[in-house]
Amino acid sequence: MDIAWVDGFEIRVKVDHGAVVIAANKEGMLSLANQLTALAEAVPGQHIHYDAYNSLEEGSTEMIIARTE
């Protein structure tokens, strides 16, 4: 699966009072939208792993989005 990023993306993920909060600039939102579309078309079991080492801003909570049935 091709994971594409829009130049200048910024994405932060945190857990606030039990709720997951995803905050992103325009480029981050477009990147996530493109990746979710690709994941929706992928085979079940595929996933995208997001963390501060490969895509999220420093201090972000790790996030995995997985394709099910």
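Q: What is a polar contact?
A: A polar contact is a pair of N or O atoms within 3.5 Å; within protein, one must be able to donate a hydrogen and the other to accept it, and residues adjacent in sequence count only if both atoms are side-chain atoms. Here, one of 2.7 Å links the side chains of Asn54 and Ser55. Please keep in mind that this is a predicted model, where local features need pLDDT of at least 70, side-chain atom pairs count only at pLDDT 80 or more, and totals for chains, interfaces and linings use all residues. Residues are numbered from 1 along each chain as its sequence is written, and side-chain values use heavy atoms, leaving out hydrogens and water.

Q: Is Ser55 buried or exposed?
A: Buried means under 20% relative accessible area, exposed over 50%, and partly exposed in between (1.4 Å probe, protein chains only). Ser55 has 6%, so Ser55 is buried. By comparison, Val20 is exposed, with 57%.

Q: Which residues is Ser55 in contact with, beyond its neighbours within four places in sequence?
A: Contact means heavy atoms within 4.5 Å. With those neighbours set aside, Ser55 touches Trp5, Phe9, Ile11 and Tyr50 in this way.

Q: Where do Ser55 and Val20 lie in the fold?
A: Helices (H or I, at least four residues) and strands (E, at least two) are DSSP runs, numbered from the N terminus. The protein has four strands and one helix, arranged along the sequence as β-β-α-β-β. Val20 belongs to strand β2, residues 19–24, while Ser55 sits in the loop between β3 (47–50) and β4 (63–66).
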